[in-house]
Amino acid sequence: MQWHILGAGAIGCLWAHCLIKAKQDVRIILRNEVHLHTYKATSRLHYTDMDARKSHSFPQAELPSDAAPITRLFITTKAFSTQDAIDSIRHRLVDNAHIVLLQNGMGQHEQVCNQLPHCHVWGASSTDGAYLTSPFHVTRAGKGETIIGLLSRYNKLSDFPLLLPEKMDDLTVHLTQNISLYLWRKLAINAAINPLTALLDCRNGALSSVPAYRQKVSIICKEIEAIAESLHQPLFEDSLEKHVFSVAELTANNFSSMHQDVTHKRKTEIDYINGFIQAQSALKGLDTPFNKQLITSIQAKPHS
Ligand SMILES: NC(=O)c1ccc[n+]([C@@H]2O[C@H](COP(=O)([O-])OP(=O)(O)OC[C@H]3O[C@@H](n4cnc5c(N)ncnc54)[C@H](OP(=O)(O)O)[C@@H]3O)[C@@H](O)[C@H]2O)c1
């Protein structure tokens, strides 16, 4: 089976490597000639697993402007790059192509579904962790699971099989009929942990261990729960706050992705995480002042 991967960063390289190990034909689509040239110096991905074991794989690399048709595509850019990424390969998508948005944040899914009604658009939510040490060198930082589901509400998964390999080297993948639940859960947890850790300049664990930070978690969680409730969107059976503290404790020593982005003066995904919550609250005429304050403070951070 042939797969294209658009966004050869940490998650894109992790998936490219694991799909190749599962004997799939993988092509990574690189942004431009400069990236292609860098890749072609060795034409390989370097993967370091959780036990520091190293291995390689050899996906082919293409440019967006290539002509070869795309039938199965993973988008693994940051959420704010989705539109540019889709625009760059739109001409190559066959009718009924499968597109998997393997990203955090929300808002981009609806955009892609609306723009590509002739494609099957999937959402994916992952608790895996990975980072790049240099271009095309990916290190596994955490082993979680990826949940994938079709975004078009009225279609059944069985009608549009994605045909992922049954055994995926080093990745745990499940299909769901209700992907929006998992996207919302991840969004809600990220909307609390990401901006707070970035603004308080702390590791995830501090959100649970420092009483003053716990209070801030409670405030943002209540705002998010109010929005979800107004949309009739279930989150968890118990409180969101409980799940945020649990994730903060399980990943106590980690710096969140937004903390790292702010530290390295990179653009953050705030507009697609807390920004999405803000847009929903505006639609419902609800007030979410603390969420708004978090967005404004993160947006004020310098980035390239
Ligand atoms: N890393 C994790 O552990 C993790 C875990 C769970 C979920 N996620 C989510 O997964 C998504 C990807 O995260 P990541 O950490 O893999 O990000 P990343 O390392 O920044 O990778 C994104 C890649 O997409 C490339 N890209 C952007 N626009 C492009 C375009 N138009 N054409 C071609 N390539 C393009 C970027 O290239 P440039 O560098 O040239 O911009 C970069 O290589 C995010 O939504 C993130 O929140 C990440």
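Q: Where does UniProt place the feature "domain: Ketopantoate reductase N-terminal"?
A: UniProt positions follow the numbering used here, feature names are shortened, and annotations may be inferred rather than shown by experiment. The UniProt record, an unreviewed entry, puts this feature at residues 3-151. Residues are numbered from 1 along each chain as its sequence is written. This is a predicted model: local features need pLDDT of at least 70, side-chain atom pairs count only at pLDDT 80 or more, totals for chains, interfaces and linings use all residues, and side-chain values use heavy atoms, with hydrogens and water left out.

Q: What is the helix and strand content over residues 3-151?
A: Helices (H or I, at least four residues) and strands (E, at least two) are DSSP runs, numbered from the N terminus. Residues 3-151 are 24% helix and 40% strand. The end C-alpha atoms of this span are 19 Å apart.

Q: Which residues carry the feature "domain: Ketopantoate reductase C-terminal"?
A: UniProt, again in an unreviewed entry, gives residues 178-301. That span is 69% helix and 0% strand. Its end C-alpha atoms lie 35 Å apart.

Q: How is the protein divided into domains?
A: Domain bounds come from an automatic or database domain assignment. Here, domain 1 covers 2-177 and domain 2 covers 182-299. Contact means heavy atoms within 4.5 Å. The contact takes 16 residues from domain 1 and 13 residues from domain 2.

Q: How much area do domain 1 and domain 2 bury between them?
A: The size of an interface is often given as the accessible area lost when the parts come together. Buried area is that loss (1.4 Å probe), summed over both parts. Domain 1 and domain 2 bury about 1500 Å², 66% of it on carbon and sulfur atoms. In domain 1, Phe-80, Asn-104 and Met-106 lose the most area to domain 2. Together they make up 47% of what that side buries.

Q: How many salt bridges does the rule find across the interface of domain 1 and domain 2?
A: A salt bridge is a side-chain nitrogen of Lys or Arg within 4 Å of a carboxyl oxygen of Asp or Glu. The structure holds 13 salt bridges. Across this interface the rule finds one. Lys-78 pairs with Asp-261, with the closest N and O atoms 3.5 Å apart.

Q: Where do Asp-261 and Lys-78 lie?
A: Asp-261 is in helix H9 (residues 257-263), and Lys-78 is in the loop between strand E6 (70-75) and helix H3 (82-89), so the pair ties together parts that are 183 residues apart in sequence.

Terms used. Buried area = accessible area lost by both parts, 1.4 Å probe.
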